[in-house]
Amino acid sequence: MFAKKIGIDLGTTNTIVFVPGKGFIINEPTIVALSLPDNGVLAVGREAKDMIGRTPADIIAYRPLKDGVIADYYITKAMLKYFISKANHPNFFKPDVVISVPAGITQTERRAVINAAREAGAKEAYVVKEPILAALGADIPINNHSGNMIINIGGGTAEVAVVSLGGIVSWSSLRIAGNKFDQTIMDYIKKTYSLVIGEQTAEAVKIEIGSAIPSKEKLEFQLRGRDVVSGLPKDITINSNEIAEALNPLLIDIASSVQSVFNETPAELVADIMEKGIIISGGGAQLRYIGEFFKRMIGVETYVAEEPLFCVAKGAGLILNHLDVYKRILLNKR
Ligand code: ADP
Ligand code: MG
């Protein structure tokens, strides 16, 4: 398969690669396995994730975007190279590449990503802020003067942004998202049942029965962990209302951050958002009743985007398909 255009959603948890005409061709963890002490790249993506937990001491599995920022130039380049060459093989032609970056990226970081992409095999590289791509991918018209709010809840960060005229008017980024949800579920189960569970189990609980608000019809989940006292395996059953209660403080923090973005947004744009509602994207948008939670907290209708996990990659695809138009309105925006 070769591709003339490639869209890359470089997420803190998952990287999704979109090729116009072919669709989403890669969905792999954003993880790089490095060998110590020379920091050689051993594996990227799924292969690197499989090394976690069974790696010898001289191999480390590294999540380079853990806190939503691109930590390391060398590793970013290695990742981009892996994803670009996987999408474009054999690489007769260099592809144009659109890459999502965190909203808070500096000009220097932005240039670093562009250079990394070029060195990784891109002909031309365009970086676009994630909330813009998320909004585009969620079918929000971004280049008119009306205001739209998007909440993107990923693995490492929850980003809230108001988008208008192709730019970001106001935004905030919070390090509370999917990974913190998992951690909080682990802590809850340890505190309540004296049971130790792994991150993967906590994520499974969240996906299977996680809920943003308690409800009458409770869902249940049976899980096995290790008893803190005896050290022996123990089974318990937990329900969705317990999870809703455990996650509540984190969701309230995200709601406060929505409120503070509203406070920094010009009144006319606030009025637009009140009328049209808020859109949620990202993997965390799939938590049950999350739209209802924000509606209750903030008093504005809140909708989950279609295929929320893919909004950013879809947005990158839209830009690739209309590069001439978007070059003018978006790519010069800081
Ligand atoms: P990022 O862009 O940071 O890589 P994503 O948008 O890919 O993040 O979302 C990944 C997060 O979404 C993970 O924390 C994952 O556990 C969470 N997630 C995936 N599916 C669900 C679900 N059904 N309910 C709640 N959270 C989910
Ligand atoms: Mg994302």
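Q: Which residues are buried in α4?
A: This is a predicted model, in which local features need pLDDT of at least 70 and side-chain atom pairs count only at pLDDT 80 or more, while totals for chains, interfaces and linings use all residues. Residues are numbered from 1 along each chain as its sequence is written, chains are lettered from A and ligands numbered from 1 in the order in which they are written, and side-chain values use heavy atoms, with hydrogens and water left out. Buried means under 20% relative accessible area, whereas exposed means over 50% and partly exposed lies in between, for a 1.4 Å probe and protein chains only. By that criterion, the buried residues of α4 are E130, P131, I132, L133, A134, A135, L136 and G137.

Q: How many residues of helix α4 are buried, and what phi has D139, which follows α4?
A: Helices are DSSP runs of H or I with at least four residues, strands are runs of E with at least two, and both are numbered from the N terminus. Helix α4 spans residues 130–137 and is largely enclosed by the rest of the structure, because the buried residues number 8 of the 8. After α4 comes D139, whose phi is positive, near 70°.

Q: What is the strand order in the open sheet of 3 strands?
A: Two strands pair if DSSP finds at least two bridges between them. Strands β5 (40–44) and β6 (59–62) each pair on one side only, which makes them the edge strands. The pairing is antiparallel, and the order is β5-β4-β6.

Q: Which residue in β6 is the bridge partner of S35?
A: Strand β4 (residues 32–35) is joined to β5 by 4 bridges, and β4 also pairs with β6 over 4 bridges in the antiparallel sense. On the β5 side, A33 has A43 as its bridge partner, L34 has V41, and S35 stands opposite G40. On the β6 side, the partner of S35 is I59.

Q: Which residue in the turn of the β4 and β5 hairpin has a positive phi?
A: Both faces of β4 are covered, with V32 and L34 buried on one side and A33 and S35 buried on the other. Between β4 and β5 the hairpin leaves 4 residues, and the one with a positive phi, about 60°, is N39.

Q: Which residues have the most contacts inside the largest nonpolar core?
A: A nonpolar core is a set of buried Ala, Val, Leu, Ile, Met, Phe, Trp, Tyr and Cys residues joined through side-chain atoms within 4.5 Å. F294 touches I151, I153, L251, I254, A255, V258, I280, G299, V300 and T302, where contact means heavy atoms within 4.5 Å and residues up to four places away in sequence are not counted. In this core of 46 residues, the ones with the most contacts are I153 and F294.

Q: How far is an oxygen atom of ligand 1 from an N or O atom in the side chain of E203?
A: A residue is near a molecule if one of its heavy atoms lies within 4 Å of it, and of the 18 residues around ligand 1, T12, T13, N14, E203 and K206 come nearest. A polar contact is a pair of N or O atoms within 3.5 Å; within protein, one must be able to donate a hydrogen and the other to accept it, and residues adjacent in sequence count only if both atoms are side-chain atoms. For T12, a polar side-chain atom lies 2.4 Å from an oxygen atom of ligand 1, while a polar backbone atom of G284 is 3.5 Å from an oxygen atom of the ligand. For the side chain of E203, the distance is 2.5 Å.

Q: What is the relative accessibility of K206?
A: K206 is placed in helix α6 (residues 199–209). Leaving aside its neighbours within four places in sequence, K206 is in contact with G178, F181, D182, I185, L287 and R288. K206 counts as buried, because its relative accessibility is 12%.
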